[in-house]
Amino acid sequence: MNAPVSKEPLDARDRPARLTVGVVGAGRVGPALAASLQLAGHRPVAVSGVSDASRRRAAELLPDVPVVEPAEVLARAELVLLTVPDDVLPTLVEGLAETGAVRPGQLLVHTSGRYGARVLDPALRAGALPLALHPAMTFTGTAVDVQRLAGCSFGVTAPQELRLAAEALVIEMGGEPEWIAEESRPLYHAALALGANHLVTLVAQSMELLAKAGVAAPDRMLGPLLGAALDNALRSGDAALTGPVARGDAGTVAAHIGELREHAPQAVAGYIAMARATADRALAHGLLKAELAEDLLVVLADQERRPGGPGPGETR
């Protein structure tokens, strides 16, 4: 069970000192976090970035901050943000530690949702102070990201003795710290990906289908509907389920799949998978009558077996 995070103003003893800040990996996340820390009084001093897009982001969000090699970022900064892809992070940390780039007492922060603090163990052995601070937010790589950090939850994992420092940094960025146990990080990250990443795919597919149906402004049509659905789901969970699957309208579901086969066959597997998952949840929560659920599941199984349908196991 998570310990409550105090919303009282930070005591001066809990507030991190004003720090020099470096960024290794000028993707969409790092420059925004560094810019947010700058607003809190910290001082960005170095950033690393390879691609032209990374350098442009750094120039926009961190003007006048020099772009240097990763080792030089660590040499200049007291607080280093490692904002690189998940699969790159372990190798990067090992390389920085092995080459002596990590300094004792240096705060080393990664922003990966997948990993906790343990991935920073090579740096810990070199004397660094490891923090995992993952913002539960989607980033654009523009200045709007700094504004979006206000009220954004951060998944925080750190050694117990660094917990107050980690939470203080998050609060200084305008975020809300949420303590995540080391062993729970992969599940935590999977939950966020399931909700946010797959939502984008569903919305994009829906807009494409509306455009094919002749709707001139799919985004304008979907905006109020999806906004209400999201609000209802966050407030009420499964009790917010509506639509033909939750009602058990097997004929309507069959008609939907028939239309998708004709106009968007690539969406059939996803529709069947989501319809089955929705039916299971509606049935478990007493929203869908058992006899209607049986008819619905028969339709879904039949559609799955049809020629051109998803192969075995693709909708599970």
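**View 1. Strands β3 and β4 run side by side.** Strand β3 (residues 79-82) pairs with β4 in the parallel sense, and the pairing takes in 4 bridges. Keep in mind that this is a predicted model. To get your bearings, find V80: the residue standing opposite it in β4 is L108.

**View 2. Strand β4 is covered on both faces.** Stay with β4, which spans residues 107-110.

**View 3. Helices α8 and α9 cross.** Now look at α8 (residues 185-212) and α9 (residues 218-236), whose axes come within 9 Å and cross at roughly 130°. That angle is why the two helices count as oblique to each other. The crossing of α8 past α9 is right-handed. On the α8 side, the contact is made by V203, S206, M207, L210 and A211. Their partners on α9 are P218, D219, M221, L222 and L226. Sorted by class, this contact has 8 nonpolar residues, 1 polar and 1 charged.

**View 4. D64 has a positive phi.** Which loop holds D64? Look between α2 (52-61) and α3 (70-76). D64 is not a glycine, yet its phi is positive, at about 75°. Is D64 buried or exposed? With a relative accessible area of 82%, D64 is exposed, because anything over 50% counts as exposed.

Notes:
Residues are numbered from 1 along each chain as its sequence is written. This is a predicted model: local features need pLDDT of at least 70, side-chain atom pairs count only at pLDDT 80 or more; totals for chains, interfaces and linings use all residues. Side-chain values use heavy atoms; hydrogens and water are left out. Axes are lines fitted to C-alpha atoms, for helices over the stretch in contact, and angles run from 0 to 180 degrees between N-to-C directions. Angles under 35 degrees count as roughly parallel, over 145 as roughly antiparallel, 65 to 115 as roughly perpendicular and the rest as oblique. A crossing is left-handed if the near helix is turned anticlockwise from the far one by less than a right angle, and right-handed if clockwise. Contact means heavy atoms within 4.5 Å. Ala, Val, Leu, Ile, Met, Phe, Trp, Tyr, Cys and Pro count as nonpolar, Asp, Glu, Lys and Arg as charged, and the others, Gly among them, as polar. Buried means under 20% relative accessible area, exposed over 50%, partly exposed in between (1.4 Å probe, protein chains only). Two strands pair if DSSP finds at least two bridges between them.
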